[in-house]
Amino acid sequence: MTPPVTAAPPTAFHRKRPVKKIGVLGWLHANLFSSLFNTVLTLLVLGLLVWAVPPILDWAFIDAVWHGTTREACETVGGACWPFIFQRFGQIVYGFYDEAARWRVDVVYVFGAVGLAWLMIPSLPRKGWVGAALLTLYPLVSFVLLSGGWFGLPVVSTEKWGGLLLTLVVAAVGIVASLPLGVLLALGRRSTLPVVRILSVVFIEVWRGVPMITVLFMASSMLPLFLPDGLELDKLVRALIAVALFNAAYMAEVIRGGLQALPRGQYEGAAALGFGYWQSTALIVLPQALRTVLPDIVNNMISMFKDTSLVSIIGFFDLLGVIQAGATDVDWTGPNTALTGYLFAGALYWVFCFSMSRYSASLERQLSQGDRR
Amino acid sequence: MAITVLQMSKHRAAWRDTHWRSIILQALVLLALAVLAAWMIGNVTTALSHRHVASGFAFLDHTAGFGIAQTLIDYTEESSYGRAMWVGLANTVLVSVISIVLSTVIGFIVGIGRLSSNWLVAKLCTAYVELLRNMPLLLQLLFWYFGVLAALPGPRESLTLGSGIALNNRGLFIPLLVQQSGSWLVWLGIFAGIAIAWGLYRWAGKRQHDTGHRPTVWWAMLLAIFALPAAVLYATGVPFTVSWPELTGFNYSGGLQVIPELAGLTLALSIYTAAYIAEIVRAGLLSVARGQHEAAQALGLRHTHSLRLVLVPQALRVIIPPLASEYLSLTKNSSLAIVIGYPDLVSVFAGTVLNQTGQAIEILSMVMAIYLTLSLIVSLLMNLYNRAHAGQDAR
């Protein structure tokens, strides 16, 4: 006969082992298999990935053609046709720019890249000067280099500009011109002068209300009618005007957001110091307003950059235009050629836009640091 | 008194006085604008007289003489240019409405998916957004149309789903419901059923509000929605027939053909816009303060109820205004149709008609006016919505 043992409360022994929350298995349980629903979801997504990803990789790399110089090389194989990209690489980067003068494009590329890198690397000094040079000096130098006609540089007509060069030119002009115009329009929209305010509102809302393609059509087929008979504007210049005005309207709305976000006290403080309108705007209001909306300005630049592809519709051979022209060229036409071209162009656009969006996100974090105490 | 005298005696130049200065400035702006307008109008008149182009809108009544691949309203080659414009506008509206519905569905799924506790789902949805948002829509459109749809097999080797649905490089073929005489009675029955069900729902809600007891009405609602139309359908002797797509010779006939241009444009627009909508939905859900969910739990609401009654209404208030502007930009983006030849407003009117008539100013102004009107209607609706919700906050 054993005496009854007073047992400890059974729960302490019989309670289930707690679910492991650390280590690989713990992570898997918490993030992928925490419930029946989650398990089913995980398996479905895994199935989708297994079904879709390997064939795409196969097509792009393993079954792809890497060597050869003509369409014939790609005809027998069911994969990507990379010779198309290699053969057309010059066109993709420079368009139909004279080969002897392509160094000028390279110089413009290098200056632009160095300037932008300088602005984005936080530890480098004198950001204000570099930024100002990028907005004023750089466009001038690039214009002289690209179009030629000065300092003994032979002229390269804008009809020969194309590929990535044209895409970047359109994007840069759109961005650089739309900033000051957008600031003016945003200020005009908040002006106390009724005439200025109404004109700004009408301008902004009309441009924002219509598709960009109609604005480009206007530039290509309507604008010449509005100019005097003798004056012939270059086709590219007309398109650039349209792009700049169109983007200025969007930029104005972004900047207006910054102006509205500025506390009233800032305006009152400036007035109390005896500042006039332009003084308070230039020294107090704009520096703060532009700073707050800097991430949105960069986001706006992303959509401008993507929208440059629309100039291919009015007959320019920008990055996408060159690819599309190549893919429909009899020398290269074929289903895999077109897809390879889109894949390559897409990757290029993606790298530009994604890095801009990362930059915008990091700006947002930096700017909000002051608010997070 | 002394101050007034002092002010009176001090003669200030007009440009130093803010009041006068603002008037002068505005007058100058107006003057500059008038001069610019006069100069441009002068240039246009000379240019038009040199080119012997008759300005005005008389061309709208002239015979178009070209066919359109997809017409939602009656149109033949003998129809007028004005009629062609309406055909194009109808096609724009069609592709926009379909794409808006699809992009909203995909966008909400992806947006909610990005906030999922399931790591794989969240990452996949993030990848979707980051991949598609950072590539031009035009590129995606070319990819879907020339890369994917054009690579589909011909009609004889169509991809088929059962016997009713076929997909090939001529488009998507699906069965079509053909209405016979008396079919309007069935439609009337369907609408009446929905109206009755809605009325029952409202009545039950009112009873619950007044007495605290909610009468059971779901079976009556089901009856109204399904049994009523079924009864009408039976009574009228099924006034519908189905037209099945069939392979005859080299192409399909019968059924409803979705032209590849429409399919490509819809795919590109919905998949691209969905990435933006997903971000809007995510931001809206994140904007609802954490405490709201906890408070709903503390009140004893079930998860679905706290979603439906507490979280979603607050998130929607943040989601709907940017969603509306996203729909608007989708509609404007549908003008890229011209690249693949889908006959939308821009492609038919600012493309074909403009090339045939050369009336650039008239046509482009009309197209821009139509898009502007659409934009203004949407922003008007948005203002009404915002006002209604501002009122709710005030209460």
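**View 1. Domain 1 and domain 2 of chain A in the predicted model.** The C-alpha centres of domain 1 of chain A and domain 2 of chain A are 20 Å apart. Domain 1 of chain A covers residues 102-156 and domain 2 covers 171-364; domain bounds come from an automatic or database domain assignment. Residues are numbered from 1 along each chain as its sequence is written, and chains are lettered from A and ligands numbered from 1 in the order in which they are written. This is a predicted model, in which local features need pLDDT of at least 70 and side-chain atom pairs count only at pLDDT 80 or more, whereas totals for chains, interfaces and linings use all residues.

**View 2. The domains of chain B.** Chain B is assigned domain 1 (23-52), domain 2 (81-161 + 248-394) and domain 3 (176-243). Taken over C-alpha atoms, the centres of domain 1 of chain B and domain 2 of chain B are separated by 40 Å.

**View 3. Helices H4 and H8 of chain B.** Helix H4 (residues 119-133) of chain B packs against helix H8 (residues 260-287) of chain B at an angle of about 120°, and their axes are 9 Å apart. Helices are DSSP runs (H or I, at least four residues) numbered from the N terminus; axes are lines fitted to C-alpha atoms, for helices over the stretch in contact, and angles run from 0 to 180 degrees between N-to-C directions. H4(B) is therefore oblique to H8(B), a term for angles that are not under 35 degrees (roughly parallel), over 145 (roughly antiparallel) or 65 to 115 (roughly perpendicular). From H4(B), the contact involves B:Cys125, B:Tyr128, B:Val129, B:Leu132 and B:Arg133; from H8(B), it involves B:Ile271, B:Tyr272, B:Ala275, B:Tyr276, B:Ala278 and B:Glu279. Residues are in contact if their C-beta atoms, placed from the backbone, lie within 7 Å. This contact of H4(B) with H8(B) has nine nonpolar, no polar and two charged residues (Ala, Val, Leu, Ile, Met, Phe, Trp, Tyr, Cys and Pro count as nonpolar, Asp, Glu, Lys and Arg as charged, and the others, Gly among them, as polar).

**View 4. The side of chain B that touches chain A.** In chain B, 42 residues are in contact with 42 residues of chain A. Helices that each supply at least two residues of this side of chain B include H2 (18-51), H5 (137-149) and H13 (360-394). H2(B) gives the most, with ten residues. By class, this side of chain B has 30 nonpolar, ten polar and two charged residues.

Methods
Contact = placed C-beta atoms within 7 Å.
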